[in-house]
Each structure stands twice: as C-alpha cells, then as structure tokens.
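Please read the following walk through the structure alongside the sequence and the coordinates.

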Amino acid sequence: LDSTADLLSQRDQELIQPLLRQGYPISRVIWAIQNIGQGSTQQILKYLRTQDRLCMEGYKERLVEEAMEIFQNSEEKAKEFLTLMTQFDEMGFHHEDIKEVLLIHNNHRERAFEELVARSR
C-alpha cells in the first residue's frame, strides 16, 4: 500500500481498500472522500464512476472534479456545466468568465451567453 494510505486511520483504510483493489489511484479516492465526506465505499465508488463517465465523454479530469464539487456531485448539473463550458470556451470566452456567469445564471445557456457577450465589449 502507498505510503499516503499509511497515514490514514484504520477506518479510512478499510473504506478505500476495495476501491484501490479496483484500480483507482489513491489520489482520486482521497479526492472523492474529500468531496463527498465520510460516506460509504458505495457512495465513493458512485462518485468515481460518475467522474469516469464524464472523463470518457472527453472532459478534462480537473474540470470534471471542479464541476462535481460545484454541483454537489449531481451528474446531470455537472454535465450541463461541462457542456456549456466547452461550448463557450470554443467561442473564445475566458474560462473564469464562463465559470462565473454559468454559476450566476445556474447553467442557463442564453442568459450566460448574453452576459459573456456584454462582458467582452
């Protein structure tokens, strides 16, 4: 077991062992625990599988982690956010502006777009 795992409590080690045996890197498992709290192995596995699905759709892992954190692990809201982030990024808007207006307008595409255009003038 990785030296990082040696620093964890016995309970935490028991929680993450099944996930590590499934091939998840300890850094991702710990990130998942930090995001969802001290849940069950099943809750953590659900988070990791959701993250895998979104990454397999072509979204960057760091952006997926950010979206999952922002939307409290709601796959639907995170995917909506990631889709809009990608679309607006391809239009040439700045990442931080996109993120901010999507949060302000709760992923409402038209309102976010109008604000991004207004900001770019």
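E65 lies in helix 5. In this predicted model, E65 has a relative accessibility of 11%, and because the cut-off for buried is under 20%, E65 counts as buried. Setting aside neighbours within four places in sequence, the contacts of E65 are W31, N35, Y47 and Q51.

Helix 5, residues 61-70, is also among the elements that cover the buried residues of helix 6. The others include helix 4 (41-56), helix 7 (95-104) and helix 8 (109-119). The buried residues in question are A78, F81, L82, L84, M85 and F88. For an α-helix there are 3.6 residues a turn, so residues three or four places apart point the same way.

Just after helix 6, G92 adopts a positive phi of about 100°.

The aromatic residues come next. A pair of aromatic rings is described by the distance of the centres and the angle of the planes. The count of aromatic pairs is four. One of them is formed by F88 and F93, with 6.3 Å from centre to centre and 85° between the planes. Because an angle over 60 degrees counts as edge-to-face, the pair F88 and F93 is edge-to-face. F88 is buried, since its relative accessibility is 0%. F93 is buried as well, with a relative accessible area of 15%. Together with F113, F88 and F93 form one aromatic cluster.

Methods:
Residues numbered from 1 in each chain as written. Predicted model: local features only at pLDDT ≥ 70, side-chain atom pairs only at ≥ 80, totals over all residues. Heavy atoms only, no water. Buried < 20%, exposed > 50% of the residue type's maximum accessible area, 1.4 Å probe, protein only. Helix = DSSP H or I, 4+ residues; strand = E, 2+ residues; numbered from the N terminus. Contact = heavy atoms within 4.5 Å. Phe/Tyr/Trp six-rings, centres within 6.5 Å; stacked < 30°, edge-to-face > 60°.
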